[in-house]
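Visitor: I've just opened this one in my viewer and would like a quick tour. Can you walk me through it?

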Amino acid sequence: MPVLTRHLRTPVVAVLTLLFAMLAQASVEVEPLSSKELQARYQILIEEMRCPKCQNQNLAGSDSMVASDLRREIRRLLEDGFSDQEINDYMVARYGDFVLYRPPLQRNTLALWLAPGVFAALGLLTLVVIVVRSRNGRGNRQGSEIEELSAEEQQRLARLLGDSAQEQEK
């Protein structure tokens with residue numbers, strides 16, 4: 001038993017070291033804003049903006065250096081008296097519409113807004129066509145077009161079936 005404990009000690013220590021290192025790197029906002037109103041606006045802004053590096057994570061949840069810099073910049077702009085719209089415009093001017101989780105409806109973002117509805121409509125249309133065809137009996141089933149056998153083919157089939165029936169009797 002002591003040998004097993006000695007062998008497990010190293011991996012356990014390694015895993016714990018990694019966990020503590022990850023916790024130490026997590027971002028902690030230590031600079032409070034001057035008022036509770038600014039703090040509330042700050043929280044909304046960092047939750048609605050996307051980290052340019054992390055791509056699918058908002059600024060509030062990202063630990064990257066870029067996200068940290070953007071949070072610091074938003075904090076500075078709020079303290080300087082910028083409105084939420086001015087901050088959004090500033091960020092879009094620097095990082096493009098990608099920085100917003102809900103980009104505005106424009107010509108270059110039209111596909112983002114329309115694609116889900118188009119795909120849902122196509123899927124629904126496909127489902128309706130499949131259901132209607134199956135109810136009408138016109139579905140693409142294998143063997144749905146059965147042809148009658150000629151007299152010669154029927155005789156050959158009977159011979160084959162007769163031969164196999166005789167072999168099974170043996």
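Visitor: Which residues make the nonpolar surface patch of about 1000 Å²?

Guide: Patch members need over 30% relative accessible area and no salt bridge; nonpolar side chains (Val, Leu, Ile, Met, Phe, Trp, Tyr) are joined within 5 Å, like charges within 9 Å. Areas here are Shrake-Rupley values with a 1.4 Å probe, and for residues only the protein chains shown count as cover. A salt bridge, in turn, is a Lys or Arg side-chain nitrogen within 4 Å of an Asp or Glu carboxyl oxygen. With those rules, the patch of about 1000 Å² is built from L105, L110, L112, W113, L114, V118, F119, L122, L125 and V129.

Visitor: Before we go on, what kind of model is this?

Guide: Numbering starts from 1 along each chain as its sequence is written, and side-chain values use heavy atoms, with hydrogens and water left out. Local features need pLDDT of at least 70, side-chain atom pairs count only at pLDDT 80 or more, and totals for chains, interfaces and linings use all residues, as this is a predicted model.

Visitor: How many helices does the protein chain have?

Guide: Helices are DSSP runs of H or I with at least four residues, strands are E runs of at least two, and both are numbered from the N terminus. From that end, the order is α-α-α-α-α-α. There are zero strands, and the helix count is six.

Visitor: And what share of the residues in the protein chain is buried?

Guide: The accessible surface comes to about 13800 Å², with 59% of that belonging to carbon and sulfur atoms. Out of 170 residues, the buried share is 18%.

Visitor: Which residues touch the most other members in the largest nonpolar core?

Guide: A core joins buried Ala, Val, Leu, Ile, Met, Phe, Trp, Tyr and Cys residues through side-chain atoms within 4.5 Å. The largest one has 17 residues, and those touching the most other members are M49, L59, I74, L78 and I87.

Visitor: Which element gives the largest share of this core?

Guide: Two or more core residues come from each of α2 (36–48), α3 (65–79) and α4 (84–95). The largest share is five residues, from α3.

Visitor: What is M49 in contact with, leaving aside its neighbours within four places in sequence?

Guide: Contact is a matter of heavy atoms within 4.5 Å. With those neighbours set aside, M49 is in contact with N58, L59, I74, I87, N88, M91, V99, L100 and Y101.

Visitor: How many residues apart are R41 and D84?

Guide: Their side chains form a salt bridge, 2.8 Å from N to O. R41 is buried at 19% relative accessibility, while D84 is partly exposed at 28%. The pair links distant parts of the chain, with R41 in helix α2 and D84 in helix α4, and the separation is 43 residues.

Visitor: Which residues are linked in a network of salt bridges?

Guide: E73 meets R76 at 2.4 Å, N to O, and the two are about one helical turn apart because they are three residues apart in helix α3. R76 also bridges to D80, with the closest N and O atoms 2.9 Å apart. E73 is buried at 17%, whereas R76 is partly exposed at 39% and D80 likewise at 48%. The linked residues are E73, R76 and D80.

Visitor: How far apart are the C-alpha atoms of Q55 and V99?

Guide: Q55 lies in the loop between α2 and α3. Neighbours within four places aside, Q55 is in contact with R50 and F98. Q55 and V99 are 44 residues apart along the chain, yet their C-alpha atoms are separated by 8.6 Å.

Technical notes: Buried < 20%, exposed > 50% of the residue type's maximum accessible area, 1.4 Å probe, protein only.
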